[in-house]
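Here are my notes for your review. Please read them with the coordinates open.

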Amino acid sequence: MRTSIAATMLTVALSAGLLAAKAPIAMASTLSRAVAENDHRQPAIPHPQQQAAAAQALADFEARAGQKPNILLFIVDDLGYGDPGAFGGGEAVGAPTPHMDRLADEGLMLTSTYSQYTCTPTRAAIFTGRLPVRTGLIRPILAGDSVSVNPWEGETSIARLLSNQGYYSLLVGKWHIGEEEGMRPHDVGFDEFYGYYRAQKEYTQRFDERRYPDLVLDDDKLERYDRIKADDNLIHGLADGTTEVVSQVSSIEDMAEGDARLRDYTVDSIQRLSQQDAPFFITHAFMKVHADNWPSEAFRGASPSKYPYKDAVVEVDSYIGDIVQALEDSGELENTFIFVTSDNGPQMDSWPDSGYTPFRGAKGTTWEGGVRVPGIAYWKGMIPPGQRSDGLFDLMDLFNTFATLGGAEDGIPQDRYIDGIDQTSFLLTENGQSHREQVYMWLGNQFTALRMREYKMHTAVVRADDGLRWIDMATVERTALAPWLFNLYIDPKEQMTVGHRRNAWQASMVAEAGAHRATFEKFPAKNIGLE
Ligand code: CA
């Protein structure tokens, strides 16, 4: 009982934000299997035999292919965990996804993949391997926002690491991590950028008189809105600084074809890059299915549901099929590691233009509905088909994993805390086990939750006043005396707390949260003005 009381007191301290700089650095808890290598890397669960097997498989691949593997990352914007057929959606929710399902069936389906709670933080975390609270990129940068410090100062992107190893790194699609000089994809490590800086709603609202009549039909407001002068172009940029406007978004219909253009660019780039000796790293970041969805003319009514969101899911899935086909046609499929995911849970505020999650909450929260996303790893000939795992995978782990695949591990910075974990052996070996023991969840600059194994502890929760609007009519509340503790295996919807009376591990979870907070003492969080 003594442990329980101490744990409760620490919880109260955590909940109240009182864990100050003098707090002792907590030892790893009894529950944790993770081992700390040093003080600036997230502790990981070692699996030596599995790691040796993966290293051998990669060495064999390199000898066979004569190069490091290509890497292709698909990020769908705001896709729900329950949207792909492989994850229980597809036909069942009016939008079949045969291409994503095929990659899942013939690869590794990850059922406990975690994003951050919204767009910018997730993308920043993937590219830097660091929690948004460390880099300061704690929420989306919106039109009219200005940041006080370039968030990329002192950060190293995975694109930079791979480019330094001879990769050609290309980002096609949505960026959303700054559009001023010095913050653009081609300024921070990508050799090339072809896409849009922001979410598609920020482009179409200027023209959408049905949804925003008080803006579009009011000359005075429209004139003021245009003064923000946010970039509204499809941009092509190169690492030498060359930045060209490909075309300006001129209408809803124009934005509707955005993803078709991006698909064409990636397909063409694969054909071009397959002729070269260097491996490539392509991030294909869809504009869809972020609200407001306007499907391409070719996909209007393409889903059984006929709703724009569902048509957009079918469209995105079709383009994934086209791009994978381009790899096959150019002889690169067996040379390419592919990962498919979403950057956060569905945005329920825009319902019915929103995805489906079987979990509680949605985008904007650290309930499972906000941060648990589809994760599919596919590599023909390297990942055994039909693999399934509930091992924990944080999308930040892609940073370290891509570095290992590309032979760039030595480039990972040592002077800052890296939250990502190398999951190469988890993904590549048959029945591979995850190296990740903890997933820490932050809402902006507030620590709110921790998952370990099948347990999840909340020290603060988002509550939606009307049950659906998890962003626009929601509040954050600290939990009271005890944290809210759920067992996700018996209660995946986080509805029935087990508390300390039905769970032996609350004290361990609290200690882990304390140890996590302690990492910020040596490596303080950055503030870039996005409060
Ligand atoms: Ca998003």
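Predicted model: local features only at pLDDT ≥ 70, side-chain atom pairs only at ≥ 80, totals over all residues.

1. Searching the whole structure gives one cavity of 30 Å³ or more. The volume of the largest cavity is about 40 Å³. Its lining includes Ser115, Tyr117, Thr366, Asp394 and Trp442. Strand S12 (residues 438-443) supplies the largest share of that lining, four residues. By class, the lining has six nonpolar, three polar and one charged residues.

2. The structure contains 37 salt bridges. One of them pairs Lys526 with Glu155, at 2.8 Å from N to O. Lys526 sits in the segment after helix H16 (506-522) and Glu155 in the loop between helices H5 (132-135) and H6 (158-164), so this pair ties together parts 371 residues apart in sequence. Lys526 is partly exposed, at 28% relative accessibility. Glu155 is buried, at 11%.

3. Asp292 and Arg211 form a salt bridge, with their closest N and O atoms 2.6 Å apart. Asp292 lies in the loop between strand S7 (280-285) and helix H12 (308-329), and Arg211 in the loop between helices H7 (201-204) and H8 (213-216), so parts 81 residues apart in sequence are tied together. Asp292 counts as buried because its relative accessibility is 5%, under the 20% cut-off. Arg211, at 45%, counts as partly exposed.

4. Lys288 and Glu315 also form a salt bridge, with the closest N and O atoms 3.4 Å apart. Lys288 is in the loop between S7 and H12, and Glu315 is in helix H12, 27 residues apart. Both Lys288 and Glu315 are buried.

5. Shared partners join Glu368, Arg372, Asp390, Arg451, Lys456 and Glu494 into one salt-bridge network.

Terms used. Residues numbered from 1 in each chain as written. Heavy atoms only, no water. 1 Å grid on protein atoms, 1.4 Å probe; cavity = no way out; pocket = protein on both sides within 12 Å on 5 of 7 lines; lining within 4 Å. Points joined across faces, edges and corners; volume = space filled by probe spheres on them. Helix = DSSP H or I, 4+ residues; strand = E, 2+ residues; numbered from the N terminus. Nonpolar A, V, L, I, M, F, W, Y, C, P; charged D, E, K, R; others polar. Salt bridge = Lys/Arg side-chain N within 4 Å of Asp/Glu carboxyl O. Buried < 20%, exposed > 50% of the residue type's maximum accessible area, 1.4 Å probe, protein only.
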